Structures are given as structure tokens and as C-alpha cells.
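Got a new structure open and wondering where to start? Let's walk through it with a few questions.

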Amino acid sequence: MVIRALSLLPEACLGVAGSIVFAALVAAGSRAGRVAHRAALTGAALAVVSAILTLRADDQWLFAAYRVDLVSQIAKAAIGGGILMTALLGRRAGDPFSGARAVGPFFRLVAALALCVAASAADLLALWLAVETATAALLVVLAAEGRWSSVEKLVRRLVAGVLPSALLIGLGVVVMAGVAGSTRYEDLLGSLAIQYARPTFLVAATLAVWSLVARLVFVTVQLRAGQAAGQAVHGVPEISLVAGVMAAVLRLMALVGGIPLPHG
Amino acid sequence: MTLAALLVVGSGLFVLGIVTAVQRRSLIGMALGLVLSCGALIVLASALFDLTGDEPSTGQVVAVAVIAFAAAGAVLLAALHLAAARANRGAEDLEPW
């Protein structure tokens, strides 16, 4: 049981680091920012190491709604790497981490944890909630860092693009699960033999996958455009976003196409 | 018959919500669109799960998750609105969120 639980080490590292950063945020003392920064750095580094060490893990949790395999662990290593790079770059830039500056590291860790859940999710509902949590946390990171006037337009564009795509992903998930009768990937796979011919299922699956891909492309392009325009978006972990959403898309596409994913 | 009617109502509400969210430039309009679409998702989930007879409790779980998502989205939008209002206090060319 203990050895089996080791496969969840990356999530545990990010969760513990997030809790420490949250405590620092609440304490808001003079050293809160420094503590938050160090905790985020250590948590992200440990998450990368533990994800690499558990590459060969092949486990299921929460009644097969949460899957740990090679694809999810590679994605988690990339997610942790993105957060680590962001923390290191922030330190090099000499950000004066005051108590209020712990907001950024905290929501980055929340986004990383949510993306880890998205990478491992074998349940449509968990996938949808994880992707939306990650996106919302990244929006908060973006809004909390830098001067508001420099990021306001970017935040507006992102909100305007993210909201409709969230609803479209939600529609795809609800219809796909409703037609198949379950939200679990395993059950969906089992009912594919009957449901595959039904155009409703395919339309809903296509809608969910393409909305996820469109979300990924939209957010990445907007962040790039923001960086090109000199807006303060250096702290946004794009690598983590790409890794987490791509793992989720890969899992969904494998489900729709009936392709088995490689295990550890 | 009930299922078909609920699916039509849910789809109509969803399209209305999306159009509202995309067309409105103010924050309140977007939030209204979001909430309307979330309501449509709840109708669709409940109809599809409850009336087809497959695991009706899953439809309720989906409904609770959608409500949680809508609440979180509304809180995020309100927080962004407050941040914008605080940062732009006194600005002449302030656009409404």
C-alpha cells in the first residue's frame, strides 16, 4: 500500500508545498514571501524528481477515476519543470518577494496540482474541473503579478476566450457522458462498441477534444502576444499548461480512437 | 417525449448563454451568459442521466460540479472586477468590465 502510494508523490510534493505557501500567505510576515518562494522551489524540484522516479508506475486510484502511468508521469515531470523554471527565473530577476507576492507562487502551485490531476484523470468530470481550475489559477497569477494596467487587456482577452471554451468543453463532457451513461473512461471505452456508431457521441467527443486544443492554443498564443508586447507575463508557466493539457488530450484521443496508451 | 423536450430546452439555453457571453463586453453580461450556460448544462446532464435510466446519481454529481464551477467563475470575475476598479480608480477612460 505504501509503495503503491509512492506513485502519488509528485502530487503530494506540490500539495504540501502549496499548503506551506498558503500558510505563509496567511501569516503575511516580513519573511512570508521568501518562505513562499523557497517552498515553491523545493516542492517543484521534488515533484520533478519523484515523477521521474515513478515513471514505471502503473496504478489506478479512486475506483479507476485516477490513473498513474507513463504518460501521466512524463506530463507531471514537465509540469513540475515548468514551475521550477518559473521559480528560478523569478529569483534571478530579483523579485522583491513581500508577503503579498506569495499570491503568485501559491496559485502557480494550485495550477500545477490541477494540471497533474488533468494529466492523470480517467474521468471526464475530473478532467473538466481540473482544466478549469488550472486555467483560473493561471489567470489569477497573471492578474496578481506586474502592474494591473500592463496586464489588464491580456486578462480581458483571456477571460473572453476562456469562458466560452470552458462552456464548450463542459457541453462536450456532459453530452458524451450522458450518451454513454458514465463519466469514467473505462465505462466509456466499454460502451464504445455500442455508442461509437451514434453520431451524438462522436460529435460530443470531437467538441470536447477540439475545445481543449483550442483553449491550449488560445492561451499560449495570447501569452506569447503579451510577452511580445512587453506585458508582465514572465511568471506564467506555459510549459506546465502545455504538458498537462496535452496529456489530457492524448488520453481523450486514445479513448475515442481506441488506442492503448503505453504503461510504465 | 420529456427527454426530447428537455434536450431542446437545454440546447436553447446553452446557445443563448454562449451568445450572451460572447456578445456582451461587460463583466456582468459575461457572468450572466456563464450562469445561463451552466444552468443549461445542469438541465442536459439531469435529463440525459436521469431520464435514460443510467446511473441517475451521476447526473446529480455532474450538476453539483457545474454549480461549483459557476460559483468559482463568478468569484473569479468579481475579484478581477474589483482589481480593475481599484487599479483604475479615478481614471477618465475607464471601460466598464
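Q: How many helices and strands does chain B have?
A: First off, keep in mind that this is a predicted model. Going along chain B from the N terminus, the elements run α-α-α. The tally is zero strands and three helices.

Q: What percentage of the residues in chain B is buried?
A: A residue counts as buried when its relative accessible area is under 20%. Chain B has 97 residues, and the buried share of them is 35%.

Q: Among contacts in chain B between residues at least 6 apart in sequence, what share joins residues at least 24 apart?
A: Start with the contacts in chain B whose partners sit at least 6 apart in sequence. Then keep those that join residues at least 24 apart, and you're left with 58%.

Q: How much area do chain A and chain B bury between them?
A: The size of an interface is often given as the accessible area lost when the parts come together. Here, 28 residues from chain A and 31 residues from chain B take part in the contact. Carbon and sulfur atoms hold 84% of the buried area, and the total comes to about 2,500 Å².

Q: Which element gives the largest share of the side of chain A that touches chain B?
A: Two elements of chain A give two or more residues to that side: helix H6 (124-144) and helix H7 (148-180). With 17 residues, the largest share comes from H7(A).

Q: How many nonpolar residues does the side of chain A that touches chain B have?
A: Sorted by class, that side of chain A includes three charged and five polar residues. Across the interface of chain A and chain B, the rule finds zero salt bridges. As for the nonpolar residues on the side of chain A that touches chain B, there are 20.

Q: Is Tyr66(A) buried or exposed?
A: Tyr66(A) is in strand E2 (residues 66-68) of chain A. Leaving out residues up to four places away in sequence, Tyr66(A) touches a list of residues including Leu8(A), Trp61(A), Cys116(A) and Ala122(A). Its relative accessible area is 11%, and the cut-off is under 20%, so Tyr66(A) is buried.

Q: Which residue's side chain does a polar contact of 2.3 Å join to the side chain of Tyr66(A)?
A: Val117(A) is 51 residues from Tyr66(A) along the chain, with 7.8 Å between their C-alpha atoms. Val117(A) is also one of the residues that Tyr66(A) touches. The polar contact of 2.3 Å, though, links the side chain of Tyr66(A) to that of Glu11(A).

Technical notes:
Residues are numbered from 1 along each chain as its sequence is written. Chains are lettered from A and ligands numbered from 1 in the order in which they are written. This is a predicted model: local features need pLDDT of at least 70, side-chain atom pairs count only at pLDDT 80 or more; totals for chains, interfaces and linings use all residues. Side-chain values use heavy atoms; hydrogens and water are left out. Helices (H or I, at least four residues) and strands (E, at least two) are DSSP runs, numbered from the N terminus. Buried means under 20% relative accessible area, exposed over 50%, partly exposed in between (1.4 Å probe, protein chains only). Contact means heavy atoms within 4.5 Å. Buried area is the accessible area (1.4 Å probe) that two parts lose on being put together, summed over both. A salt bridge is a side-chain nitrogen of Lys or Arg within 4 Å of a carboxyl oxygen of Asp or Glu. Ala, Val, Leu, Ile, Met, Phe, Trp, Tyr, Cys and Pro count as nonpolar, Asp, Glu, Lys and Arg as charged, and the others, Gly among them, as polar. A polar contact is a pair of N or O atoms within 3.5 Å; within protein, one must be able to donate a hydrogen and the other to accept it, and residues adjacent in sequence count only if both atoms are side-chain atoms.
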